[in-house]
Amino acid sequence: MKEQCSSLYAWHMAQAGYVTLAFDASHQGESGGLPRCLEDPSSRVEDIRSAVDYLTTLTYVDEHRIGAMGVCAGAGYTMSAIQTDARIRAAAGISTWDVGDSAKNGFPGVHIDNFQQKLLQEVAEARTREARGGEPAFWKYVPDSESEIDENTSTIQKEAYEYYRTPRCQYPTSVNRYLVSSNDKLAAFDAFAHLDTVSPRPILLIVGSKADTIYFSDAAYAKAKEPKELFRIEGATHVDMYDKPKFVGPVIEKLLIFWKQYLQ
């Protein structure tokens, strides 16, 4: 949600003199769109293009110096958006996550045989049930309580629970659920499919050295062409960089160098 890590980073950029825009995705939070709690990559990427549309209408924004950044899945969607929106002059991803890869292969740290086939079978059953008038089925992004965490829960799920479902950063519009029928759209998505076409516009990927999602940033970096940079924050996990000052500070410093070089 916009009130969580995206607004934190937007605030820091605004303090440095940048015009920033943090927003809820379509179907989520305070944004419109039905059905609710749909996680559709095509809509998420279009949201970013629409945000650029809006910025170009502001007289105090230089349309030739617009950059985009995202955190986690938002970073993956940002990497996708820059591939098709030439108005985005530079893009940065923090703890980047390719949700399409996870829908095909499972979450980091979790191995399930034939994951995609089982996932799509559940989607098929959910869609058929809804088509016949049944209630839509939802899944949780992260555990809702400590009682749902056990020895089989991945590290990133434990960390995400602590961030999203405790007073650390829990927020009323962050309802921790998405439609099961979203998963066929996720499985068809590849955040980095044409990242090699973005050059000479620059790409910055910032990742924690202890992140179990580091392979997403590695994959994006390998696909992109120069100018590109993969910057590691020593000692940080994936979720650490959402809000912990010890790690957010160095991320902000790097972002400001990047934006100054390529937008100013």
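**View 1. The aromatic residues F216 and Y215 in this predicted model.** At 2% relative accessibility, F216 counts as buried (under 20% relative accessible area, with exposed meaning over 50% and partly exposed in between, for a 1.4 Å probe and protein chains only). Y215, at 34% relative accessibility, counts as partly exposed. Y215 and F216 form a tilted aromatic pair, with 4.3 Å from centre to centre and 40° between the planes; rings of Phe, Tyr and Trp (its six-membered ring) pair if their centres lie within 6.5 Å, and planes under 30 degrees apart count as stacked, over 60 as edge-to-face and the rest as tilted. Together with W97 and F107, these two residues form one aromatic cluster. Residues are numbered from 1 along each chain as its sequence is written, and side-chain values use heavy atoms, without hydrogens and water. Because the model is predicted, local features need pLDDT of at least 70 and side-chain atom pairs count only at pLDDT 80 or more, whereas totals for chains, interfaces and linings use all residues.

**View 2. The aromatic pair of Y163 and Y164.** A search of the whole structure finds 11 aromatic pairs. In the pair of Y163 and Y164, the ring centres are 4.7 Å apart and the planes stand at 90°, so this pair is edge-to-face. Y163 counts as buried at 0% relative accessibility, and Y164 counts as buried at 19%.

View 3. Strand 5 (residues 203–208) pairs with strand 6 over 6 bridges in the parallel sense, and F231 in strand 6 is the bridge partner of I206.

**View 4. W259 and the largest nonpolar core.** This core holds 67 residues, and those touching the most other members are Y9, L195, I203, M241, L255 and W259; a nonpolar core is a set of buried Ala, Val, Leu, Ile, Met, Phe, Trp, Tyr and Cys residues joined through side-chain atoms within 4.5 Å. Helix 10 gives the most to this core, with 8 residues. Leaving aside neighbours within four places in sequence, W259 is in contact (heavy atoms within 4.5 Å) with residues including M13, Y18 and G67.

Note on methods
Pairing = 2+ DSSP bridges. Helix = DSSP H or I, 4+ residues; strand = E, 2+ residues; numbered from the N terminus.
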